[in-house]
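Biologist: I'm new to reading protein models. Could you walk me through this one?

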Amino acid sequence: MNNDRINRIFNKYQGQAGSLIRVMMEIQEEEHWLSREILVKISEKLEVPLSRVLRIATYYKSFSVTPKGRHEIQICTGTACHIRGAQSVLDTVQDLIGIKPGETDLDQKFSLETVNCQGSCTCGPMIKIDQVTQSRLSSVQIADLLKKYD
């Protein structure tokens, strides 16, 4: 946990209970997840009941209460992408990084998720790594793409 960065976030929103979701989003950007320890700290710093903080952290899909990798990989498995070879892309990524959807590798380098649609059905299959979307990749291209991430 990077306490300096997290303290800067708290200082920016000091005592503003209405900034709860924004604080949670910024901390998750820094830490890649929201640990129990940080949720308690958020509750204390913003003077919001811990039950409310926990409810928000577990309700919204954009928040994670389990550790995530530094790089989040999302592979579209919606109908159009599936027809265009999403399973092959998923299989290749799983083979290269050694994890299945919903998992994070031991080095916390990558997390892998499948999503139902990324909104670009004609360009499938789609893969998104850290908010950068790629389409129509071969197995070799996927391997080269993953090598770019430290």
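Modeller: Let's go from the whole protein down to single residues.

Biologist: Where do we start?

Modeller: With the ground rules. This is a predicted model, where local features need pLDDT of at least 70 and side-chain atom pairs count only at pLDDT 80 or more, while totals for chains, interfaces and linings use all residues. Residues are numbered from 1 along each chain as its sequence is written, and side-chain values use heavy atoms, with hydrogens and water left out.

Biologist: What is the mean pLDDT of the protein?

Modeller: pLDDT is the predictor's confidence in each residue, from 0 to 100. Here the mean is 91, and 99% of the residues reach 70 or more.

Biologist: How many helices and strands does the protein have?

Modeller: Helices (H or I, at least four residues) and strands (E, at least two) are DSSP runs, numbered from the N terminus. This protein has seven helices and four strands. Along the sequence they follow the pattern α-α-α-α-β-α-α-β-β-β-α. The C-alpha trace spans about 50 × 30 × 20 Å along its principal axes.

Biologist: What share of the residues counts as buried?

Modeller: Buried means under 20% relative accessible area, exposed means over 50%, and partly exposed is in between (1.4 Å probe, protein chains only). Of the 150 residues in this protein, 39% are buried.

Biologist: Which residues of helix 1 are buried?

Modeller: Helix 1 covers residues 3-12, and Ile6, Ile9 and Phe10 are buried there. Seen down the helix axis, the buried residues fall within an arc of 95°, so they line one face of helix 1. That arc is taken from the directions from the helix axis to the C-beta atoms. The face turned away from the buried side carries the exposed residues Asp4, Arg8 and Asn11.

Biologist: And what covers the buried residues of helix 1?

Modeller: Look for contact, meaning heavy atoms within 4.5 Å. For helix 1, the cover includes helix 2 (20-31) and helix 3 (36-46).

Biologist: Let me try helix 4. Which of its residues are buried?

Modeller: Val53, Ile56 and Ala57 are buried in helix 4. They cover an arc of only 100° around the axis, which puts them on the same side of helix 4. Turned away from that buried side is a face with the exposed residues Arg55, Thr58 and Tyr59. Helix 2 and helix 3 are included in what covers the buried residues of helix 4.

Biologist: Now single residues. Is histidine 71 buried or exposed?

Modeller: Histidine 71 counts as buried because its relative accessibility is 11%. You'll find histidine 71 in strand 1 (residues 71-76). Leaving aside neighbours within four places in sequence, histidine 71 has contacts that include Phe110, Ile129 and Tyr149.

Biologist: Where is threonine 122 found?

Modeller: Threonine 122 sits in the loop between strand 2 (110-115) and strand 3 (126-129). With a relative accessible area of 58%, threonine 122 is exposed.

Biologist: How many Å separate the C-alpha atoms of threonine 122 and alanine 57?

Modeller: Those C-alpha atoms are separated by 34 Å, and the two residues are 65 apart along the chain.
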